[in-house]
Amino acid sequence: MTTWFASPSDVRERLAAVHYLPDDAIATSVFLAGALGKPLLAEGPAGVGKTQLAKAVAAATGARLVRLQCYEGLDEARALYEWNYKKQLLRIQAGAGESWDETHDDIFTEEFLLERPLLRALRSAEPTVLLIDETDKADVEVEGLLLEILSDFQITIPELGTITAAVRPFVVLTSNATRELSEALKRRCLYLNLVYPTPERERDIVLSQVPGIRADLAEQLARMVATLRGLELKKSPSIAETIDWANTLLALGRDDISEATVADTLGVVLKHASDQARARKELGL
Amino acid sequence: MTGDGLVGRHVGFVRALREAGLPVSPAEGLDAARALALIDLSERESLRAAYAATLVKRPAHRPGFDMLFDLWFPPVTSALTAAREAGAEEAEPPRPPTGGATGYGLPEHREQLARLLMGDEAAGSMAEFARAMVERYGRQPAAAGRQNWFSYSVLRALSPETLMARILAEALAGRERGGLAERMVRRRVTDNIRRFEEAVAADVRRRIAEDSGVERIARSAVRPPLEQVDFLRITRADLARLRREVYPLARRLATRLVIKHRHGHRGRLDFRRTVRASLGTGGVPLTTHNRPRRPHKPELVILSDTSDSVSSFAHFTLLLTYALREQFSKVRAFGFVDTIDEITRFFVPGADLVEAMTRLTQEADMVRFGRTNYGHAFERFAEKYADAIGPKTSLLILGDARSNYQPPALDTLTALAGRARHAYWLNPEPRPQWDTGDSEATAYGAVVPMYECRNVTQLTAFIEELA
């Protein structure tokens with residue numbers, strides 16, 4: 001088994017090197033996911049860096065990132081593997097004089113197998129980070145499919161036999177919690193509830209993502225966003241939107257968060273008319 | 001794994017989590033134990049994160065977990081602190097002991113608290129300060145040789161709220177008052193006051209646990225997880241969190257009602273197309289054609305009791321109404337105490353929830369004498385809004401069926417329920433209390449199937465049952 005990280009502080013240093021600043025909980029969970037060889041389920045609102053976490057782990061360890069985007073109607077053929085039946089048909093037509101057995105043995109081989117993300121991650125010889133994104137969007141049946149893969153890291157293809165992972169991939173599942181994932185799936189995973197960062201951490205994130213911003217402006221910005229998140233909004237500003245906001249202020253050449261600046265650029269972080277109205281009212285803009 | 005002490009503590013902690021209502025499976029317990037072997041146990045936050053990652057799989061369980069963790073793995077113990085302080089005093093006598101009674105008094109403590117509340121990072125750690133303050137102000141002598149610890153005496157002595165004016169004056173330093181800057185400072189200070197109160201409460205619990213045993217305090221201190229909190233005993237803080245839980249539930253309720261509808265219908269025979277097609281076979285209709293299925297449009301009518309006896313439940317039902325309104329195209333909501341009014345207009349999609357609630361209580365005409373009267377409310381509904389209920393309507397009644405001994409108007413309700421496609425009644429009272437006093441639960445339950453709906457778990461179960 002490959003060692004992904006040596007300790008939680010190792011996680012912190014190496015993720016910081018690829019511009020992802022983890023807190024204690026993230027660092028420990030990522031370390032444990034690697035050390036225990038268990039999938040990591042990251043749940044939280046949109047835009048707190050769930051997907052980014054998987055990408056950062058891949059970048060920090062130099063592993064290959066394989067991504068499975070979940071959506072309603074995702075099935076085995078899209079997630080796991082599929083036989084390339086068009087090519088199989090061609091093969092059958094080409095070998096007109098052959099006996100059935102020869103053809104049969106030939107058309108169910110590697111050459112005709114279409115790898116989908118899950119199988120690709122399992123069969124990869126190099127270290128791989130498997131990102132199963134927005135698991136809650138997929139149907140419940142897909143969770144059943146994931147159970148075998150995530151607990152034993154193997155799958156069975158009737159014509160080829162059982163395939164076991166040569167190198168256990170580092171699995172990250174993400175979910176926006178639009179629906180409750182099944183208990184069975186949660187039990188097999190380590191759970192990481194990602195929330196909006198503290199103003200201090202968000203300030204550091206802005207500083208590392210937006211070169212050229214002044215430290216005190218980043219600090220004010222982080223506090224402002226924390227204040228906005230404290231309001232009852234339909235959609236709280238995400239970290240990505242904070243960074244957009246920082247870039248906007250930089251482009252406009254504003255170096256202070258005043259009422260006028262906030263009122264002018266509120267659209268960068270709040271994207272519902274009712275949210276904007278609420279923010280204007282509560283903050284007296 | 002090292003020694004019996006750690007294993008014992010681990011097992012005790014897992015058992016306490018289960019007692020507090022967290023579903024921890026044996027496999028998860030083993031995962032946690034494996035994780036303990038891998039991390040540095042002297043790093044308390046790592047330990048907390050390791051336990052959280054392996055054992056706590058729902059955000060709603062996190063507050064209870066944190067409270068138990070602080071009890072089972074306290075940051076300090078009194079014996080240790082005493083030893084450390086004694087050592088420190090010997091080494092450097094001039095430093096005033098933070099917990100000492102002399103020299104370093106209340107004004108200084110308030111000064112330090114003000115700096116902490118402003119978020120001054122140089123002022124030291126909030127938790128440490130809270131511990132010192134509990135030591136100083138939280139002790140009350142009880143029976144011989146024992147002592148009690150209270151957080152309110154700490155908060156009364158320091159009264160963090162009264163520091164606000166001073167902090168504002170200092171933080172704004174000449175800038176204009178009333179603006180954005182002030183609001184931001186206020187918010188930060190309020191948040192920090194809450195953190196300080198929590199830190200004090202946590203330390204008081206730790207001290208009580210040292211005196212009277214961890215298990216006992218754990219049982220009384222931990223609130224049940226959110227989904228098991230009784231709607232009738234819900235606090236304001238819970239409501240805010242509940243809001244987030246309700247949205248997915250409303251969406252599921254909506255889809256469940258739609259699916260039920262969908263299975264019920266098949267497209268009718270399309271006569272024209274069938275005859276046209278039969279021309280090819282000499283007028284014999286070999287293949288039939290059906291009309292495409294009509295898109296289903298479920299309608300929902302909600303009648304909710306908004307009286308004071310169920311006010312927190314009413315708040316919840318309005319939340320649910322609001323969430324359903326976003327999911328269903330045709331929802332009509334009615335609120336009643338002893339007369340009924342349509343409240344749909346307050347919940348237009350995209351409306352602000354908080355504002356809708358305030359306007360609702362001010363403008364809607366739901367109260368005549370102020371004592372709940374289900375019978376009268378149903379009769380008025382049948383008179384004024386009879387057209388709201390049709391064969392496509394699902395009727396959802398939310399209330400405790402306590403009608404102050406007024407006539408229940410069962411016939412009216414029977415007629416209403418008969419005209420609707422489905423009718424359900426959700427009652428926030430525990431089943432054993434039904435039919436006690438002025439409750440008409442069984443009488444109404446015979447007309448409209450009544451479900452006990454005391455917490456999120458039961459609401460979820462109801463939604464599952466609909467399918």
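**Entry 1. Salt bridges between the chains.** I began with the count between chain B and chain A, which is 2 salt bridges. The model is predicted, and I read every value below as computed from it. One salt bridge that I looked up joins Asp31(B) to Lys38(A), with the closest N and O atoms 2.8 Å apart. Side chains of opposite charge can pair when their charged atoms come close. I then took the count of residue pairs in polar contact between chain B and chain A, both residues at pLDDT 80 or more, and found 5.

**Entry 2. The side of chain B that touches chain A.** Which elements of chain B give two or more residues to this side? I listed H2, helix H3 (44-55), helix H10 (180-212), helix H12 (236-264) and helix H15 (353-363) of chain B. The largest share, 7 residues, comes from H3(B). Sorting this side of chain B by class, I noted 14 nonpolar, 5 polar and 15 charged residues.

**Entry 3. Extent of the interface.** I recorded 34 residues of chain B in contact with 39 residues of chain A. The area buried between chain B and chain A is about 3,000 Å². Carbon and sulfur atoms give 57% of that area.

**Entry 4. A helix pair across the interface.** Two packed helices are described by the angle between their axes and the distance between the axes. On the H2(A) side the contact is made by Phe31(A), Leu32(A), Ala35(A) and Leu36(A). On the H2(B) side I listed Asp31(B), Arg34(B), Ala35(B) and Leu38(B). The residues of this contact divide into 6 nonpolar, no polar and 2 charged. Asp31(B), named in this contact, also forms the salt bridge with Lys38(A).

**Entry 5. Within chain B: H10.** I next looked up a salt bridge between the side chains of Arg186(B) and Glu182(B), at 3.0 Å from N to O. How many residues apart are Arg186(B) and Glu182(B) in helix H10 of chain B? They are 4 residues apart, so about one helical turn separates them.

**Entry 6. H10(B) against H11(B).** The axes of H10(B) and helix H11 (residues 214-221) of chain B come within 7 Å and cross at roughly 135°. That makes H10(B) oblique to H11(B). From H10(B), I noted Arg205(B), Ile208(B), Ala209(B) and Ser212(B); they meet Val214(B), Arg216(B), Ile217(B) and Ala221(B) in H11(B). By class, this contact has 5 nonpolar, 1 polar and 2 charged residues.

**Entry 7. Overall count.** Finally, I noted 47 salt bridges over all chains of the structure.

Conventions
Residues are numbered from 1 along each chain as its sequence is written. Chains are lettered from A and ligands numbered from 1 in the order in which they are written. This is a predicted model: local features need pLDDT of at least 70, side-chain atom pairs count only at pLDDT 80 or more; totals for chains, interfaces and linings use all residues. Side-chain values use heavy atoms; hydrogens and water are left out. Contact means heavy atoms within 4.5 Å. Ala, Val, Leu, Ile, Met, Phe, Trp, Tyr, Cys and Pro count as nonpolar, Asp, Glu, Lys and Arg as charged, and the others, Gly among them, as polar. Buried area is the accessible area (1.4 Å probe) that two parts lose on being put together, summed over both. A salt bridge is a side-chain nitrogen of Lys or Arg within 4 Å of a carboxyl oxygen of Asp or Glu. A polar contact is a pair of N or O atoms within 3.5 Å; within protein, one must be able to donate a hydrogen and the other to accept it, and residues adjacent in sequence count only if both atoms are side-chain atoms. Axes are lines fitted to C-alpha atoms, for helices over the stretch in contact, and angles run from 0 to 180 degrees between N-to-C directions. Angles under 35 degrees count as roughly parallel, over 145 as roughly antiparallel, 65 to 115 as roughly perpendicular and the rest as oblique.
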